Amino acid sequence: MNWTKDMQALDRAHHLHPFTDFKALGEEGSRIVTHADGIYIFDSEGHRILDGMAGLWCVNLGYGRQALVDAATRQLQQLPYYNNFFKTTHVPAVTLADTLCRLAPASVNHVFFTGSGSEANDTVLRMVRRYWALEGQPDKQWIIARENAYHGSTVAGMSLGGMAPMHAQGGPLVPGITHIAQPYWFGEGRDQSPEDFGRACAAALEERILELGEENVAAFIAEPVQGAGGAIIPPDSYWPAVKEILARYDILLVVDEVICGFGRLGEWFGSQHYGLEPDLMPIAKGMSSGYLPIGGVMVGDRVADTLIDTGGEFFHGFTYSGHPACAAVALKNLEIMQAAGVVQRVRDDVGPYLAQRWSALADHPLVGEARSLGLIGALELVADKATGARFDKSLGVGNLCRDISFANGLVMRSVGDSMIISPPLTMTRDQIDELVSLARQALDETARHLNVAIHK
Ligand code: PMP
C-alpha cells in the first residue's frame with residue numbers, strides 16, 4: 001500500500017482539475033499538498049516547498065493564521081448562512097462593506113458581493129450595461145478589454161479576458177466585447193522605447209473608441225498589472241495616457257483588482273498605485289487571503305448614485321453574495337493586514353528589497369528581463385540575451401523551468417516562457433533571499449538541461 005499512489009489513482013479516477021490536460025495529468029499523477037505553514041506548502045512525500053505564488057495569487061497573509069480560523073468558527077457557530085436578498089442583511093457583510101470602502105479610492109463607496117473574481121466580472125458586465133440603460137443611453141454596450149487579459153472563467157469572464165486559447169474553446173463569446181493590444185513591452189514593444197510603446201498602446205484605446213463611436217462604448221476594463229497574462233507591468237507612460245483618453249470620452253473605467261488589490265503592488269489597490277479613480281473594481285483573492293472564497297465589485301459614486309437613485313430592481317445576485325463566514329474571515333484578514341502594516345511594508349521595505357534581489361537575476365544567461373513591482377515579478381526566459389529571441393515553443397522551456405523549480409522547493413508559475421512569482425505579502429527579507437536563490441538554482445538547472453553555458 002502506498003498512500004500517495006492510492007490517492008493519485010482516486011484523483012485520476014474521479015477528479016477533473018481546472019486548467020488541466022486531463023489525459024496528461026492522468027499519466028503523470030498529481031502532487032498531493034497535505035498542509036501548509038507560513039510561506040511553505042508540504043506534500044505527501046514530505047517535501048517542503050516555498051509557495052512563490054501564494055496559492056493562486058491569493059494567500060496574502062500566508063498559511064496557518066489561527067485568527068482567520070477562529071473568525072470562521074465563531075461566525076459558523078453564530079450564523080453560518082443567511083442571504084442578503086429580500087431586504088435582509090447581516091453584520092459581517094455590513095462591516096466588511098464599510099471596511100472595504102474606507103480602504104478604496106475616495107470616490108468608491110459601495111460594494112456588491114460575489115463568491116469569486118469571475119462572478120465579480122460577470123457582475124461588472126451586467127452592472128455597466130444596466131448603468132447606461134438607466135442613464136438613457138442603451139446603445140452604450142461595447143466594452144473594450146485587452147488581449148491576453150484574464151478576467152475569469154465564466155462565459156462573461158472569459159469573453160472579457162483576452163486569452164486566445166480560452167476563446168477558441170468557449171463557443172460564441174458574449175457579444176459587444178472587443179480587445180486591444182496589451183502594454184507588454186518585452187513581448188511586443190522592444191522596437192520602441194518603453195515610454196513610446198506605453199503611449200502607443202494607450203493610443204490603441206482611443207483608436208478603438210473612435211472606430212466604435214463614443215456613443216456606443218460603455219467601459220474599458222483592465223488589470224493594473226496584468227497577472228495571469230505574465231505579470232505584465234505597463235510602462236510608466238501607459239496609465240496616465242489611458243486616464244487622459246478616458247477623461248476625453250464618456251466611458252467608464254473598470255479596474256480589475258482581483259490580483260493587484262489588497263497590497264500586492266504596495267497600496268491597498270493597484271488603482272491607488274497608478275492614481276486611478278475607477279468606476280468599478282472587481283475584487284476577490286487576497287480579500288480573504290484565500291481562506292474562504294469571496295469576491296465583489298466595488299462601485300464608484302457615479303455608477304452607484306444612478307443605480308440607487310434611479311431605482312428599479314437589479315435582477316442579479318448569488319446565493320453566496322456576502323456569505324457570512326467568508327465575510328467574517330475577509331474582515332479579520334483586513335484587520336490583521338491593517339494592524340501589522342502589511343501593505344506599507346510591501347511598499348517601503350520588502351517590495352523594494354525584492355526589486356533589488358530579483359533584478360539581479362537579469363545577469364543569468366537564460367534571462368532576457370527580470371521585472372517586479374511590489375510583490376509580483378517575472379523573468380523572461382530567452383535563447384539569446386542580446387536579441388531577446390525566444391526558445392522554440394516546442395521545447396516548452398517555461399514548463400521545464402517550472403517543474404525543476406517545483407522539484408527543488410519553489411513554486412514559480414510559467415506563462416509561456418515567462419516565470420512568474422507572486423508570493424505571500426508577509427515575506428521577510430531572508431525569505432526573499434531564499435526565494436531568489438531557489439529561482440537561480442532552477443534557472444541553472446534549466447540551462448544545464450538545455451545545454452546553455454553558465455559562466456560563474
Ligand atoms: N480577474 C483576475 C485579474 C484574475 O487574476 C482572476 C483569477 N486569476 C479572476 C479575475 C477570476 O477570479 P476567480 O478565479 O476567483 O473566479
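## A term needed at the outset

A crossing of two helices is called left-handed if the near helix is turned anticlockwise from the far one by less than a right angle. In this structure, which is a predicted model, helix H5 passes helix H14 in a left-handed crossing.

## The packing of H5 against H14

Two packed helices are described by the angle between their axes and the distance between the axes. Helix H5 covers residues 91–103 and helix H14 covers residues 324–340. Their axes come within 8 Å and cross at roughly 35 degrees.

On the side of H5, the contact is made by Pro92, Ala93, Thr95, Leu96 and Thr99. H14 contributes Pro324, Ala327, Ala328, Ala330, Leu331 and Leu334.

## The chain as a whole

The protein chain contains 17 helices and 14 strands. Its C-alpha trace spans about 65 × 55 × 45 Å along the principal axes. For 456 residues, a compact globule would have a radius of gyration near 23 Å; the value for the protein chain is 22 Å, which agrees.

Of the 456 residues in the protein chain, 48% are buried.

## A sheet of four strands

An open sheet is formed by 4 strands in the order E11-E12-E14-E13, with antiparallel pairing. Strand E11 (367–373) and strand E13 (413–415) stand at the edges; each has a single partner strand, so one side of each is left without a neighbour in the sheet. From one strand to the next, the twist averages 20 degrees.

The pairings can be followed across the sheet. E11 pairs with strand E12 (residues 376–381) in the antiparallel sense over 6 bridges, and Arg371 stands opposite Ala378 in E12. E12 in turn pairs with E14 in the antiparallel sense over 4 bridges; here Leu379 has Met419 of E14 as its bridge partner. E13 and E14 run antiparallel and are joined by 3 bridges, and Ser414 stands opposite Met419 in E14.

E13 and E14 form a hairpin with 2 residues between them. Gly416, which lies in the turn, has a positive phi of about 60 degrees.

Both faces of E14 are covered. Ser418 and Ile420 on one side are buried, as are Met419 and Ile421 on the other. Helix H16 (residues 397–408) lies across E12, E13 and strand E14 (418–421), and runs at about 180 degrees to E13.

## A loop residue: Ser30

Ser30 is found in the loop between helix H2 (22–28) and strand E1 (33–37). A residue counts as buried if 20 or more other C-beta atoms lie within 10 Å of its own, and as exposed if there are 12 or fewer. Ser30 has 17 other C-beta atoms within 10 Å and is therefore partly exposed.

Leaving aside residues up to four places away in sequence, Ser30 touches Gln8, Asp11 and Leu25. The C-alpha atoms of Ser30 and Met7 are separated by 9.0 Å, and these two residues are 23 residues apart along the chain.

Conventions:
Residues numbered from 1 in each chain as written. Predicted model: local features only at pLDDT ≥ 70, side-chain atom pairs only at ≥ 80, totals over all residues. Pairing = 2+ DSSP bridges. Axes fitted to C-alpha atoms, helices over the stretch in contact; angles between N-to-C directions. Contact = placed C-beta atoms within 7 Å. Rg over C-alpha atoms; globule rule 2.2 N^0.38 Å.
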